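Here's a quick briefing to read with the picture open beside you. Keep the sequence handy too, and look things up as you go.

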Amino acid sequence: VVGRLVSAEALAGVSIIQPLIQALFSLSVLFVVGGTMMTGVAIGNGERDKANSIFTVTLACVVMLGVAFVLGAFTFYDQILSFLCPSTTLRPFANEYAGIIVLGSPFYLLSYMLQCMVTVDGRPRLVTISVIVGNVVNLLLNIILIKVFDAGVAGAAVGTVAMNVLNVAILSSHFLRKGTMSIVIPQKVKDTIKQLLKNGLPEFVATSLIAVQMAVGVRIASIYMGDAGVVVLAVCTQLLGFSMIFLSGTLNTLQPMSAILKGANDG
């Protein structure tokens, strides 16, 4: 949508920010993967109180992480943007997109965390509905804001943030039902955080390396191939997203199932 309704340079400017988004995802993985696994094991064991405590600690960590990311990103905003986007032609697009995305990053983290937790709590169908509805709204807002209101890449960023906000709203409705996980006064907070980090570390390292690879690739393309090279890389990066759909979908399905089975000694 951005490439066709704005320009190829706008698409490149949006794609230049993807390493920053990938870094944000890596940080979320550090807590969410461990939290999902530990919650699933507790549910499998029939330990609902423990599952609620882990859920509460994970939620608190994700919220604090979101706030810290916003503060850190804006503190070093110019340096980050200069590294990712040496091109003065593409930088206005990258700057316009990144500012809105960074502001909405806490909802991105919450959306991912709730997708995993609602799945492990027994309602993967609601997760599917929220993802479909969110993406349809994102696409429609992109088209309306860009084509009708001439909002450019800012319109695309607003659409993405709106998608995450909507996902959080839909998924939060799960916890209004009886018998679902709930926020409680957590027990053994330090031990829980240590276990979260321990379980999430392997995937954090893997996803962080992807962010580094993306950032280095964008910079090399910009320095040695110019704006045209960044545009080509942007298209290829979007194509790689299709493979990530299958990888992340499989991961988000198998992890909760395996955790619950392990907790039930049925692994």
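Let's start with Val41, which sits in helix α3. Keep in mind that this is a predicted model.

- Is Val41 buried, exposed or partly exposed? Its relative accessibility is 25%, and because buried means under 20% and exposed means over 50%, Val41 counts as partly exposed.
- Which residues does Val41 touch, if you skip those up to four places away in sequence? They are Ala259, Ile260, Lys262 and Gly263.
- Take Lys262: Val41 and Lys262 are 221 residues apart in sequence, yet their C-alphas are 6.0 Å apart in space.

**The whole chain**
- Along its principal axes, the C-alpha trace spans about 55 × 35 × 30 Å.
- Of the 267 residues, 45% count as buried.
- Look at contacts between residues at least 6 apart in sequence: 83% of them join residues at least 24 apart.
- The accessible surface comes to about 13,500 Å², and 69% of that belongs to carbon and sulfur atoms.

**Helix α6**
- Helix α6 covers residues 91–103, which makes 13 residues. From first C-alpha to last it reaches 18 Å, close to the 18 Å expected at 1.5 Å a residue.
- Which α6 residues are buried? They're Ala94, Tyr97, Ala98, Gly99, Ile101 and Val102.
- Those buried residues pack against α2, α3, α4, α5, α7 and α9.
- A handy rule: an α-helix has 3.6 residues a turn, so residues three or four places apart point the same way.

**Helix α8**
- Helix α8 runs over residues 124–148, and its 25 residues reach 35 Å from first C-alpha to last, close to the 36 Å expected at 1.5 Å a residue.
- Its buried residues include Leu126, Val127, Ser130 and Gly134, as well as Asn138, Asn142, Leu145 and Ile146.
- What do they pack against? The partners are α1, α7 and α9.
- After α8 comes Asp150, which has a positive phi near 55 degrees.

Key. Residues numbered from 1 in each chain as written. Predicted model: local features only at pLDDT ≥ 70, side-chain atom pairs only at ≥ 80, totals over all residues. Heavy atoms only, no water. Buried < 20%, exposed > 50% of the residue type's maximum accessible area, 1.4 Å probe, protein only. Contact = heavy atoms within 4.5 Å. Areas by Shrake-Rupley, 256 points an atom, 1.4 Å probe, with all protein chains shown as cover. Helix = DSSP H or I, 4+ residues; strand = E, 2+ residues; numbered from the N terminus. Expected span 1.5 Å × (residues − 1).
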